[in-house]
Amino acid sequence: MLVECGCYGCRRRKTYLASDLVEYLHPQSEVGELWPAGCPYCKTGANWWERYRYPTNDDVVNKTIIRRLKGWTKTARWANVPYEAPAPKEPQVPPGKFPFGFV
């Protein structure tokens, strides 16, 4: 899931992965209350908005830039990277069964 944040005043917009924000913020935080003070750049709360959405194929094709949690020093370090779809998982074979119906 992606979390989009933006400010109508300074026209800045950032997109985050929700899984990264869970590491950075409290896990019980709700979208709309992530940054209660508003825009971190122009310091206004009246023009600030937050919303969540699911990734689409357009995000992969257009390489939507998202903010990823890069690591921790004394504070969190963030990096702008293109969005990539998660790799498909391999099918799991139950124990004692042969794959593809072979006996």
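Start with M1. M1 counts as partly exposed, because its relative accessibility is 39%. It sits in the segment before β1, and β1 itself covers residues 2-7. Together with V31, Y52 and Y54, M1 forms a nonpolar patch. The accessible area of those four residues together is about 430 Å².

One caution before I go on. This is a predicted model. Please keep that in mind for every distance and angle I quote.

Now the overall layout. The chain has two helices and five strands. In sequence order the pattern reads β-β-α-β-α-β-β. There are 103 residues in the chain, and buried residues make up 28% of them.

Next, salt bridges. How many does the structure hold? Five. I'll take three of these, and I'll begin with E4.

E4 is buried, because its relative accessibility is 7% and the cut-off is under 20%. E4 forms a salt bridge with R13. The closest N and O atoms in that pair are 3.7 Å apart. R13 is partly exposed, at a relative accessible area of 48%.

E4 has another partner, R53. Here the closest N and O atoms are 2.9 Å apart. This pair links distant parts of the chain. E4 is in strand β1, R53 is in strand β3, and 49 residues separate them. R53 is partly exposed, with a relative accessible area of 22%.

R53 also meets D59. That salt bridge is 2.9 Å, N to O. D59 is buried, with a relative accessible area of 5%. Now put the pieces together. Salt bridges with shared partners join E4, R13, R51, R53 and D59 into one network.

Stay on strand β3, residues 48-53, and look at E50. Is E50 buried or exposed? Buried, and yet E50 has no salt bridge. The nearest side chain of opposite charge is R51, and that is 11 Å away.

On to the backbone. R11 has a phi near 60°, a positive value in a residue other than glycine. R11 lies in the loop between β1 and β2, with β2 covering residues 13-17. R11 is exposed, because its relative accessible area is 72% and the cut-off is over 50%.

The other is K63. Its phi is positive too, about 55°, and K63 is not a glycine. Where is K63? In the loop between α2, residues 57-61, and β4. K63 is partly exposed, with a relative accessible area of 44%.

Strand β4 spans residues 65-72, and strand β5 spans residues 76-82. The two run antiparallel, and seven bridges join them. The hairpin connects β4 to β5 through three residues. For a reference point across the pair, take I66, which stands opposite V81 in β5.

R77 lies in strand β5. R77 counts as partly exposed, at 39% relative accessibility. Now compare R77 with R67. In sequence they are ten residues apart. In space, C-alpha to C-alpha, they are 9.9 Å apart.

Let me recap. We have a predicted model with two helices and five strands. One salt-bridge network joins E4, R13, R51, R53 and D59. R11 has a positive phi, and so does K63. A hairpin joins β4 to β5. That's my tour. Over to you for questions.

Notes. Residues numbered from 1 in each chain as written. Predicted model: local features only at pLDDT ≥ 70, side-chain atom pairs only at ≥ 80, totals over all residues. Heavy atoms only, no water. Pairing = 2+ DSSP bridges. Helix = DSSP H or I, 4+ residues; strand = E, 2+ residues; numbered from the N terminus. Patch = residues over 30% accessible without salt bridge, like charges linked within 9 Å, V, L, I, M, F, W, Y side chains within 5 Å. Areas by Shrake-Rupley, 256 points an atom, 1.4 Å probe, with all protein chains shown as cover. Buried < 20%, exposed > 50% of the residue type's maximum accessible area, 1.4 Å probe, protein only. Lys, Arg positive; Asp, Glu negative; His and termini not counted.
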